[in-house]
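Hi there,

Here is the structure I promised to pass on. Have a look at it first, and then read on for my notes on what turned up.

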Amino acid sequence: HARRIEGIDKNIWVEFTQLAADYKAVNLGQGFPDFSPPSFVQEAFCKALNGGFSMHQYTRAFGHPNLVKILAKFFSRIVGREIDPMEDILVSVGAYQALFCTFQALIDEGDEVIIVEPFFDCYQPMVMMAGGTICLLYLRLKCLEGCGPVLSSADWVLSPEELASKFSPRTKAIVINTPNNPLGKVYQREELQMIADLCIKHDVICISDEVYEWLTYDGTKHVKIASLPGMWERTVTIGSAGKTFSATGWKVGWAMGSGHILKHLKTVHQNSVYHCATAAQEAVAVGFQREYDVFGTEESYFHQLPIHLHEKRLRLADCLKSVGLKPILPQGGYFMIADISNLNVDLTDPSTKDEPYDYRFVKWLIKEKGLATIPVSAFYSPEHRNEFQKYIRFCFVKVILKGSYDAILKIIIL
Ligand code: PMP
Ligand code: GLN
């Protein structure tokens, strides 16, 4: 095999999704809704499929024209500048492929990429496949005492000094993820400004993964770093229709940014995937047009989904607290992490004895209690995994939460 895939053969989603299926566990692990997308996008998909031959054929390589046009129109209003549909957007096979194109297009052998831990796991292997070197930085819990009885993802912060120390002449890019998976942290404007100032000072590109951009709670606002002064020219913003419209299986995503950067992502895309499914793109275009028309009203799905999830989030937090777990309330996204250290489970399964504690705990929970979650150390680099073994991640974009709280409680009770 090629050297570039050395050491990255294991994948948390492949492993734990299979295990959850094998044990027929209640699945609060992998992040996907167990309900259908809103009817207006489902209907748009059916209409596209029945609408004649062209929806079954190739479309424009860099994004179906209807989709890039409405994405540009929609996000011009959010970013506060004119986005060019043909130059500034690349439609990809999910946010995954947008990330892959970004790293392949922009990172050379020896370039350094700053990644903030905990991070969505694919960033590290993708940077490595591009030949880049990873420079890690932690989000740290700012107050071990005095944070109040309920910890929030807002209590996890970057140290300005540590952040600044990671930038060097070799730094090519920094990756941020807001709202963050798995923590749910939503970066505040001041934090983004601190990152932006460093990017500008050191001429560094910012790769901003914003797939959960519509999911924020308790009045927390999502801010796009690309909208800060001087950042549009150096930011690639990644989005996902899977997360936006609760349709993760459609695998429609995008990268957005200045045409002088995006053109390089297009080079990777045209020579690898070429384009993603035409009918799915058409349906997402119809969805965005609808959201454009109702934006800011109570009818908007982007308004309704977080309201719906807010309830689930509070109920899950209460449920976890009642069985002795310590949840960290997320400001955004659809995951909640919880501290398992005071449960003191005696994990005796010898087949897992060399694994981090949270991996062993999650395997025990799946096998013995029929509940699937994800170990949070998977969101740390292998070098740091052993330092972060006391949290597991729950996904709350699930209807099963509603009817099965008692079951979940029983499952967790030791
Ligand atoms: N980034 C983050 C932070 C994610 O959680 C995910 C998983 N959905 C992705 C990117 C990939 O998104 P997609 O399913 O659109 O490929
Ligand atoms: N992004 C989703 C999660 O974090 C799932 C990713 C995947 O299944 N590959 O759970």
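The peptide bond that joins Asn181 to Pro182 is cis, with omega about 20°. Please keep in mind that this is a predicted model.

Asn181 turns up again at one of the ligands: together with Trp13, Gln30 and Gly31, Asn181 surrounds ligand 2. Sorted by class, that shell holds 1 nonpolar residue and 3 polar ones, with no charged residues.

There is another cis bond to look at, from Glu117 to Pro118, where omega is near 0°. Pro118 belongs to the loop between strand 3 and helix 5 (123-129).

How far can you trust the model? The mean pLDDT of the protein chain is 94, with 95% of its residues at 70 or more. The scores for the model are ipTM 0.98 and pTM 0.97.

Now the overall picture. The protein chain contains 14 helices and 16 strands, and its C-alpha atoms fill a box of roughly 55 × 50 × 45 Å along the principal axes. A compact globule of 414 residues would have a radius of gyration near 22 Å, and the protein chain has 21 Å, so the two agree. Of the 414 residues, 46% are buried. If you take contacts between residues at least 6 apart in sequence, 71% of them join residues at least 24 apart.

On to ligand 1. Its shell has 14 residues, and the closest are Gly94, Ala95, Tyr96, Phe120 and Ser240. Helix 4 (94-106) and helix 8 are the elements that each give two or more residues to this shell, and helix 4 gives the most, with 3 residues. By class, the shell around ligand 1 divides into 4 nonpolar, 8 polar and 2 charged residues.

Helix 10 covers residues 278-294; at 1.5 Å a residue, its 17 residues should span 24 Å, and the end C-alpha atoms are 25 Å apart, which agrees. Helix 10 is mostly covered, with 12 of its 17 residues buried. Among the buried ones are Thr278, Gln281, Glu282, Phe288 and Glu291. What do the buried residues of helix 10 pack against? Their partners are helix 2 (39-49), helix 3 (65-79), strand 2 (89-93), helix 8, strand 11 and helix 11 (301-322). After helix 10 comes Gly296, with a positive phi near 80°.

Helix 3 has 15 residues that should span 21 Å at 1.5 Å a residue, and its end C-alpha atoms are 20 Å apart, in agreement. Its buried residues are Asn66, Leu67, Val68, Ile70, Leu71 and Phe75. These pack against strand 2, strand 11 and helix 10. Just after helix 3, Gly80 has a positive phi of about 80°.

Next, two residues in the interior. Ile114 is in strand 3 (residues 112-117), and Ile114 is buried because 24 other C-beta atoms lie within 10 Å. Beyond its neighbours within four places in sequence, Ile114 is in contact with Cys135, Leu137, Lys166, Thr171 and Ile174. Ala247 lies in the loop between helix 8 (241-244) and strand 11 (252-256). Is Ala247 buried or exposed? Ala247 has 24 C-beta neighbours inside 10 Å, so Ala247 counts as buried. Not counting residues up to four places away in sequence, Ala247 touches Pro37, Val41, Ala241 and Gly242. Ala247 and Ile261 are 14 residues apart along the chain, with 28 Å between their C-alpha atoms.

Last, two backbone angles to check. Lys24 is not a glycine, yet its phi is positive, near 45°. Lys24 is in the loop between helix 1 (12-22) and strand 1 (26-27), and Lys24 counts as exposed because 10 other C-beta atoms lie within 10 Å, where 12 or fewer is the cut-off. Tyr274, also not a glycine, has a positive phi of about 75°. Tyr274 lies in the loop between helix 9 (259-270) and helix 10, and with 12 other C-beta atoms within 10 Å, Tyr274 is exposed as well.

Best wishes, and happy browsing!

Conventions
Residues numbered from 1 in each chain as written. Chains lettered and ligands numbered in written order. Predicted model: local features only at pLDDT ≥ 70, side-chain atom pairs only at ≥ 80, totals over all residues. Near = placed C-beta within 6 Å. Nonpolar A, V, L, I, M, F, W, Y, C, P; charged D, E, K, R; others polar. Helix = DSSP H or I, 4+ residues; strand = E, 2+ residues; numbered from the N terminus. Buried ≥ 20, exposed ≤ 12 C-beta atoms within 10 Å, placed from the backbone. Contact = placed C-beta atoms within 7 Å. Expected span 1.5 Å × (residues − 1). pLDDT = per-residue confidence, 0-100. Rg over C-alpha atoms; globule rule 2.2 N^0.38 Å.
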